[in-house]
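Look over the sequence and the model first.

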Amino acid sequence: MSLRLSTVILPVDRWHEGGRAKWQLAEELGFHAAYTYDHLSWRTFRDGPWFGALPTLTAAATATDRLRLGTLVTSPNFRHPVTLAKELISLDDISGGRITLGIGAGGNGFDATALGQEPWTPKERADRFAEFVPLLDQLLSEDAVSHRGTYYSADEARNIPGCVQRPRLPFAVAATGPRGLKLAARYGQAWVTTGDPKLYESGTPAQSLEALRGQIGKLGNACAELGRDVAELDKILLTGFTPERNAILGSLDAFVDFAGRHRELGFTEIVVHWPIPDSDFAADQAVFEKIATEAVAQLG
């Protein structure tokens, strides 16, 4: 099974002071895709520079030619399907059909309250996500959409001419719970996971592998319930949140070993964070570039 290697570039650099250069280098290094986080601010980066995901991806689309681009991930925390669909169709057009939408239910981070609302409960996040994804699918696939839902509505929302990619740009659905996995099985062209968060602090790599094996099994069950072959979905692992953390970027051998074990589980794409000095994603840039250019060939 072939494995693709991608990167996620956090939007922390001014475009003309290193931001553009990173996206262009990602293409030169041969990454399959480069993603960014769709947050208003995030964790330890909250009090530093942080730019918007969709404008950043638009700029990246004009600065690159072949690299796939996308979000890991967009959520309903501060997005509405109607306005998001219009922006995504525009971005897909500007990029020439190179956009993947990573999408998830969101969490209790800073985005959850930035608009002045109380944080949603896990059930409400799941309820909103279950309405958000089908409506967004419809908005990106049809010229005109009207919808009256519990959380989201559309009144003859027009999205002409639609996506360059047909019938719409692909969804990479981040999910581990039963409701989210059903959405991934029904609407996803890919599925995204970061592993089991309960294992991040004190788990072992072996325990993480078993947890991921279990997640893939549950995804397979969700697909089977819909009569869909789970092999149709790409399976994306966003690294940095398993017990190995960022140590997999310590050497080419360490990464190849990690990637090989996860490819055997069925993952088709592994995403590594672009190094950021003095952060949880600090790594040697030269080693990172060596991994980018040599790891896939070593995996065979």
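How do the residues of the lining of the second largest pocket divide into nonpolar, polar and charged? They divide into nine nonpolar, three polar and three charged. The model is a predicted one. The points below start with this pocket, then turn to helix pairs and the backbone.

**Second largest pocket**
- The second largest pocket holds about 170 Å³ of space.
- Its lining has 15 residues, and D13, R14, W15, F51 and T56 are the closest to the pocket centre.

**Helix pair α1 and α2**
- The axes of α1 and α2 come within 10 Å of each other and cross at roughly 55 degrees.
- Angles from 65 to 115 degrees count as roughly perpendicular and those under 35 as roughly parallel, so α1 and α2 are oblique to each other.
- The crossing of α1 past α2 is right-handed.

**Helix pair α5 and α6**
- Helix α5 (residues 178–187) packs on helix α6 (residues 205–225) at an angle of about 55 degrees.
- The axes of α5 and α6 are 8 Å apart.
- α5 and α6 are therefore oblique to each other.
- α5 passes α6 with right-handed sense.
- From α5, the residues L181, K182, A184 and A185 meet K218, L219, A222, C223 and E225 of α6.
- The contact of α5 with α6 counts six nonpolar residues, no polar ones and three charged.

**Helix pair α7 and α8**
- Helix α7 (residues 252–265) and helix α8 (residues 285–299) have axes that come within 9 Å.
- The two axes cross at roughly 45 degrees, and α7 and α8 are therefore oblique to each other.
- This crossing is right-handed.
- On α7 the contact residues are L252, D253, F255, V256, A259, G260 and R263.
- On α8 they are V287, K290, I291, E294, A295, Q298 and L299.
- Eight nonpolar, two polar and four charged residues make up the contact of α7 with α8.

**Cis peptide bonds**
- L72 and V73 are joined by a cis peptide bond, with omega about -10 degrees.
- V73 belongs to strand β3 (residues 68–74).
- The peptide bond from R166 to P167 is cis as well, with omega near 5 degrees.
- P167 sits in the loop between β6 (153–158) and β7 (171–174).

**Positive phi**
- R245 has a positive phi of about 50 degrees, although R245 is not a glycine.
- R245 lies in the loop between β9 (234–238) and α7.

How values were computed. Residues are numbered from 1 along each chain as its sequence is written. This is a predicted model: local features need pLDDT of at least 70, side-chain atom pairs count only at pLDDT 80 or more; totals for chains, interfaces and linings use all residues. Side-chain values use heavy atoms; hydrogens and water are left out. Axes are lines fitted to C-alpha atoms, for helices over the stretch in contact, and angles run from 0 to 180 degrees between N-to-C directions. Helices (H or I, at least four residues) and strands (E, at least two) are DSSP runs, numbered from the N terminus. Angles under 35 degrees count as roughly parallel, over 145 as roughly antiparallel, 65 to 115 as roughly perpendicular and the rest as oblique. A crossing is left-handed if the near helix is turned anticlockwise from the far one by less than a right angle, and right-handed if clockwise. Contact means heavy atoms within 4.5 Å. Ala, Val, Leu, Ile, Met, Phe, Trp, Tyr, Cys and Pro count as nonpolar, Asp, Glu, Lys and Arg as charged, and the others, Gly among them, as polar. On a 1 Å grid over the protein atoms alone, a cavity is a set of points where a 1.4 Å probe fits but cannot get out, and a pocket is an open set with protein on both sides within 12 Å along at least five of seven lines; lining residues have an atom within 4 Å of a point. Grid points are joined across faces, edges and corners, and a volume is the space filled by probe spheres set on the points.
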